[in-house]
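Keep the sequence and the 3D view side by side as you read.

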Amino acid sequence: MVANTEPSPDSGTTRTVLVHVALPAGVLLALVGMYFSGSHVLQEAVAPAVNREFGILETLQHLLLVAFGILVARLAWRAPRGIERVLFSVATAGAIFMFLEEIDYGLHYYEALAGVDPADRATVRNLHNIRRGSGDELADIIKKAGDLLVLVWFVVLPLIAPRLKSPLLRRLAPSRWLIATVAVAFLASRLAHAIGDTGAPTNGALDKALGEFRELGTYYAWTLYAFALHKKAPPPA
């Protein structure tokens, strides 16, 4: 008797659930749990009190932005001349901008290597830290614009794509599974805020930045999306 070596019909779905739901949920829940665990070692691993940029949470964000930037840059290279190449080129520029903003344009690396005293460190570290005349931070505008883009691109577009007349939008529409990925990111952030509101012990690194958990999940969604497009893209001529 010859063994059946064909993959199970459910294997693709299982892998999709793992990649889009189980993996991000597991990572985010682990990081949230570590940060609110009461263990100083675990808290410092997630987000060091001296500078959260050096922790696991922010480092994973940086790596995902780099991966996303590389993928969309390759898509721009492969795309035929026209609107598609322009879109991927804009996405590449956006990835570079977000990466530089996230790493404070390398400022925290310089300060760590140069031994700059915490009291002497720069207060304005990137564009979204610049305050306007009202005192509000540009981060508020960037965050709302980013949330709107995620809502439209990863929730609305996948749902309406089959009814769209534009072949380009239908081709670029994300998988509906990414709705679940974005939901996982949002719920993880809500959980972190709910735990934080109870007064759970932390090292203070994320006292005003619990949204970093959502950002990690969102960057993961963008990277998954770019990877899926990259797999479908034809090789360069």
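This is a predicted model: local features need pLDDT of at least 70, side-chain atom pairs count only at pLDDT 80 or more; totals for chains, interfaces and linings use all residues.

Helices here are DSSP runs of at least four residues, numbered from the N terminus. In it, the side chains of Asp147 and Lys143 meet in a salt bridge, 3.1 Å from N to O. Lys143 is partly exposed, at 43% relative accessible area. Asp147 is partly exposed too, at 31%.

Asp147 also forms a salt bridge with Arg214. The closest N and O atoms of that pair are 3.1 Å apart. Asp147 belongs to helix H6 and Arg214 to helix H9, so this contact ties together parts 67 residues apart in sequence. Arg214 counts as buried, with 16% relative accessibility.

Now move to Glu212, in helix H9, which covers residues 212–232. The side chain of Glu212 meets that of Arg52 in a salt bridge, at 3.5 Å from N to O. Arg52 lies in the loop between helix H2 (40–46) and helix H3 (56–78), so the pair links parts that are 160 residues apart in sequence. How exposed or buried are the two ends? Arg52 is partly exposed, with a relative accessible area of 26%. Glu212 is buried, at 7%.

Step back to the whole set. The structure holds five salt bridges. Through shared partners, salt bridges join Arg52, Glu58 and Glu212 into one network.

Technical notes
Residues are numbered from 1 along each chain as its sequence is written. Side-chain values use heavy atoms; hydrogens and water are left out. A salt bridge is a side-chain nitrogen of Lys or Arg within 4 Å of a carboxyl oxygen of Asp or Glu. Helices (H or I, at least four residues) and strands (E, at least two) are DSSP runs, numbered from the N terminus. Buried means under 20% relative accessible area, exposed over 50%, partly exposed in between (1.4 Å probe, protein chains only).
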